Amino acid sequence: MIKKIEDLKLKIFKLIEDAADVAALENLRVQYLGRKGEVTNLLKTLKDISIEERKKVGPQLQTFKKEIELALDDKVGKFMEIAAAAPEIDITIPGKKISVGHYHPLSIVEKDVRRIFKAMNFSVVEGPEIESDYYNFDALNIPKSHPARDMWDTFWLQDGQKLAKGGDKLSAISHKLLLRTHTSPVQMRYMETHKPPFQIIVPGRVFRYEATDASHETNFNQIEGLMVGKDVNLANFKFVIQEFFKRLFGKNLEIRLRPSYFPFVEPGLEVDLQCVKCGGKGCNICGNSGWLEIMGAGMVHPKVFEAAHYNPRELQGFAFGMGLERIAMIKYNIPDIRMFYSGDLRFINQF
Ligand code: PHE
């Protein structure tokens, strides 16, 4: 019996020591100390042996049982300690991607345009979106009855008359309020308060009362340009604008000037840019012409200088206006202007 206990002792303590986890220890507890466990069975046999032997073996068996219990508890405790020390988060799991916002394609292009012109020493100026018809039309040599007003059909403010008669400086000459149809009124606002020479660009939102389609919106953005000095001429304009497109599209592109009409410039020009996609060979973007219509421009009309109280005999300058959406559509190959304002994430998230 004593020998049996000694052998069992060696075996059990080795098993406890080698146990891999808490579950393995629990199995050992059942196997040896459980109701039908080996040590329990040994204790049960005590009643079958002689009193003397029972007095010797009995206490030994009891101590043995206690030692096994202690050893088991001890080892379970060790496993718990290890588990407690381990970090609760699994640092090997890949992190969740945090989605951060980004610029709208129009904002990206506007920032580019501002940066390029600023680098060429232009100042960036802004003006009001609700404008008086004086600045939007009259001051730009488009009098009341002039048919050229039809070129820019707009949204008139119902209470415009009343508002325009309010206290501000322009009310004496202004008549009605409207949503500006172009950024050109800022030309006049700037000239009224500044002396040449200067060069500015005016990015801003404009409005037109017209049917929408793939290339027309009632709400869009323009970039106006105005450079005035003693001898500013069209050659200067050509250089500035060619340099601008070179920096915006990252390559040298030809430009073409065609005669056109805007009441506030003389001569008036339409500027075409060599097709960015096909380089002039003709493709679906340029309608096989090799050229993209990109902006209106011209030399500031003497009447406009007069309205600003400048002397047209002493000064000259060029002005231009282009659509921001149009530039973005060319740059990113966007087929429909309405996509910019659709709020469709499948479109927006591509930028
Ligand atoms: N304001 C004109 C338009 O919106 C564009 C333009 C600006 C033309 C400056 C000439 C000079 O159509």
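Here are some questions and answers about the ligand site and the domains of this predicted model.

Q: How many residues surround the ligand, and how many of them are nonpolar, polar and charged?
A: The shell around the ligand holds 15 residues, with H182, S184, R208, Q222 and G321 the closest. Sorted by class, that shell comes out as 7 nonpolar, 6 polar and 2 charged residues.

Q: What share of the ligand's exposed area does the protein bury?
A: Start with where the ligand sits: the space it takes is the largest pocket. On its own, the ligand would expose 330 Å². Of that area, the protein buries 93%.

Q: Which strand gives the most to the shell around the ligand?
A: Three strands each supply at least two shell residues: β5 (219-229), β8 (291-300) and β9 (316-323). The top contribution is 3 residues, and it comes from β9.

Q: What distance separates the centres of domain 1 and domain 2?
A: The domain assignment puts domain 1 at 2-85 and domain 2 at 105-348. Taking the centres over C-alpha atoms, the separation between domain 1 and domain 2 is 94 Å.

Conventions
Residues are numbered from 1 along each chain as its sequence is written. This is a predicted model: local features need pLDDT of at least 70, side-chain atom pairs count only at pLDDT 80 or more; totals for chains, interfaces and linings use all residues. Side-chain values use heavy atoms; hydrogens and water are left out. A residue is near a molecule or strand if one of its heavy atoms lies within 4 Å of it. Accessible areas come from the Shrake-Rupley method with a 1.4 Å probe; for residues, only the protein chains shown count as cover. On a 1 Å grid over the protein atoms alone, a cavity is a set of points where a 1.4 Å probe fits but cannot get out, and a pocket is an open set with protein on both sides within 12 Å along at least five of seven lines; lining residues have an atom within 4 Å of a point. A molecule sits in a cavity or pocket if more than half of its atoms lie within 2 Å of its grid points. Helices (H or I, at least four residues) and strands (E, at least two) are DSSP runs, numbered from the N terminus. Ala, Val, Leu, Ile, Met, Phe, Trp, Tyr, Cys and Pro count as nonpolar, Asp, Glu, Lys and Arg as charged, and the others, Gly among them, as polar. Domain bounds come from an automatic or database domain assignment.
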